[in-house]
Amino acid sequence: MVTIAKPRQIKPWPDLTGLLPLLKSSDISAGRPSQRFHIDLSFVRRVDAIGLAIFLARLTQSISASSDATVTLPRADLPAQKLGELEFEAILKTLALQTEEYRDLFTLKRESTKFRSVMLTHLPNNERAALEKILCIIPDKNLSRTTQISNIKTKIKDFFRLDHGRNFAHEQVMSILLELVKNTLDHSGRPAILAMKMNVNRGDDARFSFVYCDTGEGICSSVRKHLEPNKEKNQKETQSELHRQSEKSRLAEKGGFPDLVHWALQPGNSTKGGNGVNFGLGLMLIVEASHSAGFRLSVRDADTVVELTELVQMRAEGELSHYTHSLIRQLCVKTCSSPILMFHGELY
Amino acid sequence: MTIMTAHKLQLKARDFGLVDLDEYTPCAKFADVIRVQVDGKKLNEIELNLEFCWVEYSFTHLFLDEALSKLRDSELPHRILTVVVSINLGDARFMAALLFRLSKLVNRDSEGSPEAILRAVNFFCSENCIKILIQSRIVLDGFGDATTEEFIIDGWR
């Protein structure tokens, strides 16, 4: 007799907006790997690009061992329509089919035909739909780094061109987003999801906001691994080299989030310093450029969130000469949801 | 629009329809514009306005090398290259890397780190008595007033 296990249920936070989906815990259970998933969106009430991107990033973390997923769409029309506008179905397919690792990840089975009918009967208002966009960055070994960057750049440009009133500094924001994309390609190697949201008639809302979720191991974990002591001891090592190595070992073993972020913000420090492309200035450049663009930029990694632009702001106010360890520690806030590397930028 | 005075040339990339300065063809075209506009050796100031253009290091060297070589060959002293961009990376090292990373004229040893690129640009400027002004003008809202920050690589000293 063949028994088919029930698919693992994945339910999002009913409000798939803003940072709320971060509250949801991970669907991964190390002891219970599952090949089948049911993504149940029945009770989703509200959707925006930022919230959906976080949910999708969490999903990407959860389904790495999966081969089959079924999607149930929201019962309510509005969120279902919004998912259509944000090209949810296409994104799922992109996440599933772009790389060998994720091939055949999803076999989309609709429990109803609602998705299709919603898409046909409620044609998206182009202008409204265009103000929010989700892009997937899937590292592909078959494409050159330049081609991959160029492809994503074209999509970002297309989105920015819809902002006729230039509500934010497009070129500057592009440089920030591209740096994040480069980090994914050079360091992470895992899919990342970028969501952008423009509010033209904004009222009190941010005129531009984005979230960039990288599903790789994150800054802290990769820095820690990088700093782990080299097992092969070199007899010719000088005293200062030995001292430096012991400092690194101590950091790798005992360093917390502030210590590791402090390390990552120092010029020349990189987990891939010798690849000839990325020279360890990525994070610093992202922070400086965000500050110049007027952004509030925060990063969430491991279990902590820190507002990075506040570091530059305090330096500008003469409170420090550089990114000091104590200030980073002061700005860090611990969270309780499961780990994800996420950059969040807001421009008011 | 091109403004040319006795010793100065001002070029605005956008006026030539050259916005995608992160791609080869527009950068090569802009280099051609500079080549055609600069005639002779009686020019000591070139201003390249790249405002509202997508600027990335991949091909910027095509037109920047052209402008710098024209200044290098000039018979006049006090040569200045002004580059106006809509990007502010907050640090001269990053700005130098953004513009000159792949420059064959300035970054001859193909240095990769921003510090090394800035050093190479400084060396070139000192060697040829050229000052480079990088003006970062960021318009934070609409087409209103810009916040400007200037990064100077001074080869006159």
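In this predicted model, A:Leu194 touches A:Leu135, A:Ile137, A:Leu177, A:Phe210 and A:Tyr212, leaving aside residues up to four places away in sequence; contact requires C-beta atoms, placed from the backbone, within 7 Å. Local features need pLDDT of at least 70 and side-chain atom pairs pLDDT 80 or more, while totals for chains, interfaces and linings use all residues. Residues are numbered from 1 along each chain as its sequence is written, and chains are lettered from A in the order in which they are written.

A:Leu194 is also among the residues with the most contacts inside the largest nonpolar core, which has 135 residues. Such a core is a set of buried Ala, Val, Leu, Ile, Met, Phe, Trp, Tyr and Cys residues joined through C-beta atoms within 7 Å, buried meaning 20 or more other C-beta atoms within 10 Å of a residue's own. Helix α1 (residues 49-62) of chain A gives the most to this core, with nine residues; helices are DSSP runs (H or I, at least four residues), numbered from the N terminus.

The contact between the chains takes 20 residues from chain A and 20 residues from chain B. On the chain A side, α11 (282-292) is one of the helices that each supply at least two residues, and α11(A) gives the most, with five residues. By class, this side has seven nonpolar, eight polar and five charged residues (Ala, Val, Leu, Ile, Met, Phe, Trp, Tyr, Cys and Pro count as nonpolar, Asp, Glu, Lys and Arg as charged, and the others, Gly among them, as polar).

Conventions: Two residues are in contact if their C-beta atoms, placed from the backbone, lie within 7 Å. A residue is buried if 20 or more other C-beta atoms lie within 10 Å of its own, exposed if 12 or fewer, and partly exposed in between; C-beta atoms are placed from the backbone.
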